Amino acid sequence: MIKAGFIFDLDGVIVDTAGYHYLAWKKLADELGIPFSEEDNERFKGVSRIRCLEILLELGNIEVSKEQFDLWLQEKNEDYLSYIAKMDETEILPDVVKVLDYLKDRKISMALGSASKNARSILEKVKLIPYFNTMVDGNAVSKAKPDPEVFIKAAESLSIAAKHCVVFEDAQAGIEAANVAGMKSVGIGNSDVLSKADYNFKDFTEIDFDFLDDLLSELDGKS
Ligand code: BG6
Ligand code: MG
């Protein structure tokens with residue numbers, strides 16, 4: 001048995017939902033008259049829904065009651081759900097399935113580690129549930145990335161020590177969380193933004209089997 005746990009973020013790593021999150025936040029920001037760019041949206045990646053709204057309201061210097069806050073949270077999620085309603089396998093990012101198949105064939109333990117409360121329903125829509133031994137999502141954690149809680153829970157659920165785990169992430173907060181957890185980190189996306197990752201790839205098309213084999217021996221070899 002190879003001692004290695006592979007933990008994948010969902011949004012922006014497995015599926016391209018980051019754009020849908022952006023559209024839904026942008027719609028709310030426009031309604032509230034808050035300037036909100038794709039650059040601002042980088043801070044929203046990997047971050048819980050509640051924290052995203054807090055950041056948005058900070059950007060707009062707006063203070064609100066708990067009731068209004070909850071209404072905006074709900075509005076954003078309803079818009080987001082309408083954007084993802086028709087998602088299917090075609091929205092899995094390129095070569096993700098190639099990597100998942102390679103690992104599955106080698107019986108490597110795999111977990112999902114996502115801040116999203118919608119993670120399970122998205123994985124169902126794109127039919128990737130069978131690849132994962134465990135799923136830790138936004139419903140299972142109380143602390144948002146960069147807190148390592150989500151990845152620590154995923155490793156515990158796989159019964160694999162943190163030092164034998166690797167995390168694939170597209171968010172700065174997620175890379176930080178993986179590093180704090182004592183796991184290897186693989187940044188997917190812009191390497192300038194994800195400069196704290198141990199390894200960087202633009203997307204999964206750049207990940208080859210030699211890299212995965214080397215990573216597996218490195219993780220397995222840690223005593
Ligand atoms: C993360 C996204 O995966 O999930 C964040 O990167 C998002 O942008 C967070 O805010 C929470 O998602 P949801 O689906 O619970 O609103
Ligand atoms: Mg992400």
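Is Asp170 buried or exposed? Asp170 is buried, and its relative accessible area is 8%. Keep in mind that this is a predicted model.

Let's start with the metal. Three residues coordinate the magnesium ion, ligand 2: Asp9 through OD, Asp11 through O and Asp170 through OD. The distances run from 2.0 to 2.1 Å. Along the sequence, the donor residues follow the spacing D-x1-D-x158-D. Asp11 sits in the loop between β1 (5-8) and α1 (18-32), and Asp170 sits in the loop between β4 (165-169) and α8 (172-180), so this pair ties together parts that are 159 residues apart in sequence. Asp11 is buried as well, at a relative accessible area of 13%. The cut-off for buried is under 20%. Asp170, at 8%, therefore counts as buried.

Next, the surface. Where is the negative patch? Look at Asp208, Asp210, Asp213 and Asp214, which form a negative surface patch. Take Asp208. Asp208 belongs to the loop between β6 (199-201) and α9 (209-221). Its relative accessibility is 41%.

One more loop. Leu194 lies between β5 (184-188) and β6, in the loop that joins them. Is Leu194 buried or exposed? Leu194 is buried, with 2% relative accessibility. How far apart are the C-alpha atoms of Leu194 and Lys27? They are separated by 27 Å, and the two residues are 167 residues apart along the chain.

To recap: Asp9, Asp11 and Asp170 hold the magnesium ion, ligand 2. Asp208 is part of the negative patch. Leu194 is buried.

Technical notes. Residues are numbered from 1 along each chain as its sequence is written. Chains are lettered from A and ligands numbered from 1 in the order in which they are written. This is a predicted model: local features need pLDDT of at least 70, side-chain atom pairs count only at pLDDT 80 or more; totals for chains, interfaces and linings use all residues. Side-chain values use heavy atoms; hydrogens and water are left out. Patches are made of residues with over 30% relative accessible area and no salt bridge: like charges are joined within 9 Å, nonpolar side chains (Val, Leu, Ile, Met, Phe, Trp, Tyr) within 5 Å. Accessible areas come from the Shrake-Rupley method with a 1.4 Å probe; for residues, only the protein chains shown count as cover. A salt bridge is a side-chain nitrogen of Lys or Arg within 4 Å of a carboxyl oxygen of Asp or Glu. Lys and Arg count as positive and Asp and Glu as negative; His and the chain ends are not counted. The place of a charge is taken as NZ of Lys, CZ of Arg, CG of Asp or CD of Glu. Helices (H or I, at least four residues) and strands (E, at least two) are DSSP runs, numbered from the N terminus. Buried means under 20% relative accessible area, exposed over 50%, partly exposed in between (1.4 Å probe, protein chains only). Donors are N, O and S atoms within 2.8 Å of the metal (3.2 Å for Na, K and Ca); water is not among the atoms, so sites may look incomplete.
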